[in-house]
Amino acid sequence: MNAIQDTYPDELSHCYGCGRLNPDGLQIKSVWNGNEAIARFTPRPYHTAVPGYVYGGLLASLIDCHGTGTAAAAAYAAAGREPGTAPYLRFLTASLRVNFLKPTPLGPELIIHGRVKELAGRKVVVEAWIEVDGETTVQGEVVAVQAPDHMLANLLRRD
Ligand SMILES: CCCCCCCC(=O)SCCNC(=O)CCNC(=O)[C@H](O)C(C)(C)COP(=O)(O)OP(=O)(O)OC[C@H]1O[C@@H](n2cnc3c(N)ncnc32)[C@H](O)[C@@H]1OP(=O)(O)O
């Protein structure tokens, strides 16, 4: 199945965390399986906090963009619509909470999980966590709000 970010229109695909058209970005890919969304990311050696461990800001970015991606995928699924179809269901981070439970080792692939806690109106609350070598090292919550119509209209007009 396609990653939700691969279904975003070009004009909305420049995000540093998850835009497929941002060559300098992280290009996170979140795949919805009907129950949760999963992303996989292997940090580079320069994503270091202290030697051997991943920088927390990167981990927060993974939770952030995987959260908005999970929100988009879940919103399309809840509406019974094909992901990426217009009118676009594209979400902004209104709130991001991250708890670093233990240091995250740098080297192995990280698995980022996202599950919907609440979906109502334009708001989706996503709980997300990062797993590495079978252990959860980071746990977070994203409040994602659907981009307002006027914002979307502006962005889609500009490119
Ligand atoms: C369009 C493509 C964009 C690509 C984005 C890539 C992802 C990102 O990194 S986004 C960057 C960081 N985020 C931002 O810059 C967002 C800045 N904030 C905003 O633009 C606005 O505050 C925005 C759009 C999030 C919400 O504003 P608005 O649309 O007026 O929301 P509003 O109608 O008041 O509220 C909608 C719902 O969200 C809830 N909500 C809004 N803000 C928050 C918040 N900070 N915390 C918790 N809940 C919130 C409201 O309570 C309301 O809930 P309910 O429906 O249950 O009453």
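Student: Before I dig in, what average pLDDT does the protein have?

Tutor: The average pLDDT is 96, and 98% of the residues score at least 70. The model also scores ipTM 0.95 and pTM 0.96. Do keep in mind that this is a predicted model.

Student: What does Val143 touch, leaving out residues up to four places away in sequence?

Tutor: Val143 touches Ala94, Ser95, Lys123 and Val125. As for Val125, its C-alpha is 4.6 Å from that of Val143, although the two are 18 residues apart in sequence.

Student: Switching topics: how many residues does the largest nonpolar core have?

Tutor: The largest nonpolar core has 35 residues, and those with the most contacts inside it are Leu62, Ala71 and Val124. Strand S2 (37–41), helix H1 (56–79), strand S4 (110–120), strand S5 (123–132) and S6 each supply at least two of the core residues. H1 gives the most to this core, with 10 residues. In soluble globular proteins, nonpolar side chains tend to be buried together.

Student: Let's follow up on Ala71. What is in contact with it?

Tutor: Leaving aside neighbours within four places in sequence, Ala71 is in contact with Phe91, Val124, Val126 and Ala144. Val124 is another of the residues with the most contacts inside the core.

Student: I've also clicked on Ile112. Buried or exposed?

Tutor: Ile112 is buried, because 25 other C-beta atoms lie within 10 Å. This residue lies in strand S4.

Student: Which residues is Ile112 in contact with?

Tutor: Setting aside its neighbours within four places in sequence, Ile112 is in contact with Ala39, Phe41, Leu62, His66, Ala128 and Ile130. Ile112 and Ala37 are 75 residues apart in sequence, and their C-alpha atoms are 8.2 Å apart in space.

Student: How about Tyr55? Where is its place?

Tutor: Tyr55 sits in the loop between S2 and H1. With 16 C-beta neighbours inside 10 Å, Tyr55 counts as partly exposed. The C-alpha atoms of Tyr55 and Tyr16 are separated by 16 Å, and the two residues are 39 apart along the chain.

Student: Now the backbone. Which peptide bond is cis, with omega near 0°?

Tutor: The peptide bond from Ala86 to Pro87 is cis. Pro87 has its place in the loop between H1 and S3.

Student: And which residues have a positive phi of about 50° although they are not glycine?

Tutor: Gln27 has one, and so does Asp133. Most residues other than glycine have a negative phi, and most peptide bonds are trans.

Student: Where are those two found?

Tutor: Gln27 is in the segment before strand S1 (30–32), while Asp133 is in the loop between S5 and S6. Gln27 counts as buried, with 20 C-beta neighbours inside 10 Å. Asp133 is exposed, with 12 other C-beta atoms within 10 Å.

Student: Last one: which residues does UniProt list for "domain: Thioesterase"?

Tutor: UniProt lists residues 52–134, in an unreviewed entry. In the model, that span is 29% helix and 37% strand, and its end C-alpha atoms lie 18 Å apart.

Key. Residues are numbered from 1 along each chain as its sequence is written. This is a predicted model: local features need pLDDT of at least 70, side-chain atom pairs count only at pLDDT 80 or more; totals for chains, interfaces and linings use all residues. Two residues are in contact if their C-beta atoms, placed from the backbone, lie within 7 Å. A nonpolar core is a set of buried Ala, Val, Leu, Ile, Met, Phe, Trp, Tyr and Cys residues joined through C-beta atoms within 7 Å. Helices (H or I, at least four residues) and strands (E, at least two) are DSSP runs, numbered from the N terminus. pLDDT is the predictor's confidence in each residue, from 0 to 100. UniProt positions are given in the numbering used here, feature names are shortened, and annotations may be inferred rather than shown by experiment.
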